[in-house]
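Please keep the sequence and the picture open side by side while you read.

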Amino acid sequence: MNSLTRVLFALMIVAAAPAFAQQPAPVSAEEQAILDEEARLEAEEATAEASATANDPTAPNPAPAFPELRPVLDEFGGEAGLTALMETFMVGLVADPRTKPFFANADQERVKRQLTEQFCVILGGDCTYSGRDMRSAHVGQNIDRGHFNALVEILQVAMDQHGVPFRAQNKLLAKLAPMHREVVTE
Ligand code: HEM
């Protein structure tokens with residue numbers, strides 16, 4: 001090798017070095033298995049997140065606004081009253097053996113928040129409902145009429161405990177009742 005060739009050869013190695021440096025270090029089978037598992041979990045999380053917000057475009061509006069019910073919202077104590085009501089409601093849902101299996105492992109904070117938003121919009125409040133439609137939220141849960149009636153009963157007990165007048169309770173329940181078409185699947 002003459003000196004010119006030697007210099008050229010050295011230059012080639014220097015030029016190629018960064019490329020070599022960027023090569024990922026070889027991974028063992030165990031490390032690869034961990035990486036694969038991580039990728040799988042990430043994909044699973046992304047799917048769960050998507051379905052947590054997915055909506056069925058053919059489902060009815062889960063939070064139709066009734067501006068004429070704005071005085072009823074006041075009888076619930078406004079949005080703050082609804083937030084407080086949901087605390088009692090969720091305690092009842094988790095305590096009652098008929099509804100416990102549905103709510104024990106649910107994201108209770110999210111359900112309480114979404115219910116507050118939903119009821120607030122229905123009662124003509126200045127709120128926005130950011131949850132799913134009723135069909136998407138309850139699909140695959142095998143909810144029957146008995147479960148539905150149990151939930152309404154527990155809601156009535158909670159409303160009583162919060163001093164919501166009977167007439168105001170019924171105004172809300174009348175708007176929720178038709179939702180059994182999307183919620184009850186059994
Ligand atoms: C008129 C009746 C009902 C209304 C208005 C209602 C409303 C809602 C709302 C707003 C959500 C949250 C949606 C979201 O996360 O985007 C939800 C979720 C849920 N509801 Fe209902 N619901 C009703 C009946 C029921 C019944 C009868 C059951 C079972 C006994 C039930 C079980 C659940 C469960 C377990 C979740 C959480 C689902 C999840 O995290 O994927 N719901 N419901």
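1. I would begin with Leu172, which, once its neighbours within four places in sequence are left aside, is in contact with Val72, Phe119, Ile122 and Leu123. Leu172 sits in helix 9, which covers residues 166-176, and it counts as buried because it has 22 C-beta neighbours inside 10 Å, where 20 or more are needed.

2. Where pLDDT is low, the predicted coordinates should not be read in detail.

3. As for the overall fold, the secondary structure of the chain comes to 10 helices and zero strands. Of the 186 residues in the chain, 19% are buried.

4. Which residues of helix 4 are buried? They are Leu82, Leu85, Met86, Phe89, Met90, Gly92 and Leu93, and they lie on the same side of helix 4 because they cover an arc of only 160° around the axis. Ala80 and Ala95, on the other side of helix 4, are exposed, whereas the buried residues are covered by elements including helix 5, helix 6 and helix 8.

5. Helix 8 can be read in the same manner. Its 17 residues should span 24 Å at 1.5 Å a residue, in agreement with the 24 Å between its end C-alpha atoms. Its buried residues are Leu151, Ile154, Leu155, Ala158 and Met159, and they line one face of the helix, since seen down the axis they fall within an arc of 140°. On the other side of helix 8, Arg145 and Gly146 are exposed, and what covers the buried residues includes helix 4 and helix 9.

6. Two backbone angles are worth checking. Asn142, in the loop between helix 7 and helix 8, has a positive phi of about 55° although it is not a glycine. Most residues other than glycine have a negative phi. Asn142 counts as exposed because it has 11 C-beta neighbours inside 10 Å, and the limit for exposed is 12 or fewer. Just after helix 8, Gly163 also takes a positive phi, of about 70°.

7. Finally, consider the ligand, which has 22 residues around it, of which Gln114, Gly131, Arg132, Ala137 and His147 come nearest. Two or more residues of this shell come from each of helix 5 (100-103), helix 6 (108-122), helix 7 (134-138) and helix 8 (145-161), and helix 6 gives the most, with five residues. By type, the shell divides into 12 nonpolar, seven polar and three charged residues.

Methods
Residues numbered from 1 in each chain as written. Predicted model: local features only at pLDDT ≥ 70, side-chain atom pairs only at ≥ 80, totals over all residues. Near = placed C-beta within 6 Å. Helix = DSSP H or I, 4+ residues; strand = E, 2+ residues; numbered from the N terminus. Nonpolar A, V, L, I, M, F, W, Y, C, P; charged D, E, K, R; others polar. Arc of directions from axis to C-beta. Contact = placed C-beta atoms within 7 Å. Expected span 1.5 Å × (residues − 1).
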